[in-house]
Structure formats: structure tokens, C-alpha cells
Amino acid sequence: MIRLRCGSCGASAPGPTDWRCAACGSPLELELPPAEPRTFVDEAAEGVWRYRGWLPAVEPVVLGEPRTALVEVGSGDQTVVAKLEGGLPTGSFKDRGVAVTVSWLRARGAREIVVDSSGNAGASFAAYAARAGLRLRLFVPADASPAKLLQARAHGAVVVTVPGPRSAAGDAARNALEDAGPEVAYASHLWQPAFLAGTATFAYELFEQLGGRAPDAVVAPLGGGTLLLGVHLGFARLHEVGLIDRVPRLVGVQSDACAPLARAFRADEPDAAVTPGATVAEGIRIDRPPRSRQILAAIRETGGDIVEVSDDEIRDSVRSLLARGIFVEPTSAAAHAGLVRAGLGDGSATVVLAMTGHGLKASGAISEILAT
């Protein structure tokens with residue numbers, strides 16, 4: 001039986017769809033069973049559910065998730081490869097965490113889910129909720145990408161726009177839960193413990209693609225941290241059972257318009273207050289990431305870093321990637337922009353860039369970049 005417990009104070013959570021510790025208010029974690037090499041892969045499966053033996057024991061909600069491609073983008077002695085998460089069913093890495101979260105919540109009695117998102121998570125939850133036969137209410141910032149909201153509405157989600165920053169959408173979603181019954185579950189990817197079990201499959205898949213080894217570093221856009229935390233969890237479990245000899249260095253890239261984690265990292269503090277500004281990388285414009293302590297600890301543990309990049313640097317990376325045939329949204333291009341800032345531009349290391357979402361997710365923003 002998989003249990004929920006608080007990652008900060010260790011308290012157990014009694015409710016089947018709990019997401020926050022009643023004692024201290026911190027995010028919850030899944031107590032997964034010990035990983036075993038013999039249960040690592042299901043050779044008959046691909047994508048997220050290939051690693052079903054290391055995931056919560058639930059009946060999976062499936063949309064044909066593929067293994068996402070690795071494409072070289074570096075030159076010289078260094079091997080830099082981009083992992084193209086836009087190849088997942090709704091076009092972003094969020095499908096990894098959402099597939100597991102929706103399966104988990106459905107198995108635990110949820111019939112309706114409430115989500116807050118800047119776009120990609122909402123589009124993914126809408127698709128998987130529709131597949132699972134669940135109702136979805138989605139709270140989004142008023143400036144969220146129209147293409148992402150179209151995806152969510154097309155799958156039948158009830159979309160509620162909220163003025164203000166990304167955090168205001170989260171506050172509105174949680175307020176909507178106050179009078180909800182037990183069949184309504186809060187499914188924010190920033191809080192839901194099952195989500196990280198899903199994003200850990202990024203690491204499992206990458207391990208297989210690299211011939212049974214870990215890269216030297218993984219660089220990813222950093223907003224709420226659910227991808228980097230999943231990558232850390234995945235490689236830590238592989239290390240635990242002796243399949244790799246180290247966890248790779250983790251590097252998070254934030255927009256300098258909204259960089260609470262980069263500033264907390266430099267100040268050696270658990271968090272930092274910022275006023276979010278406008279940025280072309282809307283997917284990482286998160287001013288109050290609830291798992292900030294966990295993110296900072298994971299990055300420090302691996303000898304990693306958190307860097308800030310400007311919108312001009314992100315735009316340059318969008319153009320550079322397009323010239324290599326890679327079409328990603330500006331949020332994804334932040335990882336490419338952060339490569340040199342993190343001191344990873346030289347040497348013989350193998351570096352993986354997490355290209356988190358397809359360019360069609362932000363076609364308007366990319367059109368503006370190409371016009372300048």
C-alpha cells in the first residue's frame with residue numbers, strides 16, 4: 001500500500017487525495033516501494049508506463065505516450081543533446097506527471113479534478129481527464145497562451161481566467177475547493193505527490209537511451225521545479241539500486257523577470273520574494289514555487305546551479321534552435337540559453353537539455369520573435 005507523508009515534518013496524510021500536510025502546510029510525497037532492477041522495465045511497453053513497476057500500482061490512463069527523441073545540438077568535444085518532450089501526446093513534458101496523477105486520483109475515488117496552470121499542465125490535465133472520464137475545472141492566469149487554452153477547452157475543461165500572476169490562479173483554484181465534496185480532488189502539478197513519480201520517467205527513459213548510463217548534467221527550465229525534481233528522483237532511484245554510479249548535475253534556468261529560486265540559491269536561503277515581471281518564457285513565471293526547499297536541496301546535492309537568463313537570450317536561443325530544425329516554445333529555449341551561463345559550454349561532458357514543450361504551444365510568441 002503506497003502511503004502519503006510530508007517531506008518536511010514526516011507526518012502521514014490520512015485522506016486518499018490529500019496534497020498538503022495538515023500539520024505544517026508543506027507538499028506531500030509518495031512513499032513508493034523500494035526500487036528493484038528486475039521490475040524496472042516492462043519490455044512490452046513504451047513511454048511512461050514502460051516503467052510501471054516503479055510507479056504507483058494503479059490502472060493506467062494511457063494516450064499512447066512515446067519515448068521522446070534525443071537530438072544533438074552541440075559541437076566540438078562536448079555532447080549536447082536535446083530531449084524533445086514536445087513529442088508527448090499534448091505537446092509537453094507535463095504528460096508524464098499528468099498520466100500518473102490522473103491514474104492515481106481516479107483509483108482513489110476522484111470524479112472531478114481542479115487544476116491551476118499557466119497553460120501546458122492545464123492542456124495535459126484536460127486531455128487525460130477526458131480520457132479517464134473525469135470532469136475538470138481549470139484556473140489560469142489571464143495572460144495564458146491562447147493555444148494552450150484552446151487545447152483545454154477542446155477537451156471539455158471549464159476554464160476560469162484569473163487576473164494577476166500565476167500564483168493568483170493557484171489561490172483561486174484552492175478557494176474553489178472549500179465547499180467541494182470528497183469526489184473533487186486538487187490536482188495542481190506543483191503540489192500533487194504523484195506528479196513527481198511521473199516526471200521521474202524522464203530520467204528512466206534517458207538512462208536507457210544513453211545505453212545504461214547517466215549524463216553528466218541535465219539542464220531544464222525552472223519554474224515550479226516538477227521536472228527537475230522528477231529527474232532527481234528518477235536518477236536517485238537508479239543510483240539506489242546500483243544501475244548508475246552517480247546522480248547527474250542538475251541545472252535550473254529561470255527568467256530574470258521571475259527568478260525566486262535563483263536568488264534564494266545565491267543567497268543560501270530557503271526562498272526569496274520576487275515580483276514577477278513580463279517574460280516570453282511564460283511557463284516558468286512562477287513566483288511562489290511550493291517545493292522550493294526540495295528544489296534547492298536537490299540542486300545543491302548534485303553540485304548543480306540555478307542561473308537567470310534574459311528574454312533577449314531566450315529569443316536568440318529560439319532562433320538558434322530553429323536553425324537546427326528544433327521547434328520549441330520560448331520556455332524550453334531557456335534551457336539552451338542557460339547552457340553557457342551555467343559553465344557548461346566547453347569540455348567533453350554529456351549534457352542533456354530538456355526541451356519541455358512544442359513550439360506550436362506558443363506560436364504567437366515565436367511569430368513575434370521571428371519578426372524582430
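Is Asp-268 buried or exposed? Before I answer, a word on the source: this is a predicted model, in which local features need pLDDT of at least 70, side-chain atom pairs count only at pLDDT 80 or more, and totals for chains, interfaces and linings use all residues. Residues are numbered from 1 along each chain as its sequence is written, and side-chain values use heavy atoms, with hydrogens and water left out.

Asp-268 is exposed, because its relative accessible area is 57%; buried means under 20%, exposed over 50% and partly exposed in between, with a 1.4 Å probe and protein chains only. Asp-268 sits in the loop between helix H7 (260-267) and helix H8 (292-301). Helices here are DSSP runs of H or I with at least four residues, numbered from the N terminus. The phi of Asp-268 is near 55°, a positive value in a residue other than glycine. Most residues other than glycine have a negative phi.

I turn now to helix packing. Two packed helices are described by the angle between their axes and the distance between the axes. The axes are lines fitted to C-alpha atoms over the stretch in contact, and angles run from 0 to 180 degrees between N-to-C directions. H7 and H8 pack at about 60°, with their axes 11 Å apart. They are therefore oblique to each other, where under 35 degrees is roughly parallel, over 145 roughly antiparallel, 65 to 115 roughly perpendicular and the rest oblique. Leu-261, Ala-264 and Phe-265 of H7 meet Ser-292, Ile-295, Leu-296, Ile-299 and Arg-300 of H8, contact meaning heavy atoms within 4.5 Å.

For helix H5 (residues 193-209) and helix H6 (residues 226-240), the axes come within 7 Å and cross at roughly 60°. H5 and H6 are therefore oblique as well. Among the residues making this contact are Phe-195, Ala-200 and Phe-207 of H5, and Leu-229, Gly-230 and Leu-238 of H6.

Next, the cysteines. How many disulfides does the rule count? The count is zero, a disulfide being a pair of cysteine sulfur atoms within 2.5 Å. Cys-9 is in no disulfide, and the nearest cysteine sulfur, that of Cys-21, is 3.6 Å away. Cys-9 counts as partly exposed because its relative accessibility is 43%. Cys-258, with a relative accessible area of 1%, is buried.

Finally, Ser-167 lies in helix H4 (residues 166-175). At 12% relative accessibility, Ser-167 counts as buried. Ser-167 touches Asp-287 and Arg-288, not counting residues up to four places away in sequence.

Note on methods: Helix = DSSP H or I, 4+ residues; strand = E, 2+ residues; numbered from the N terminus.
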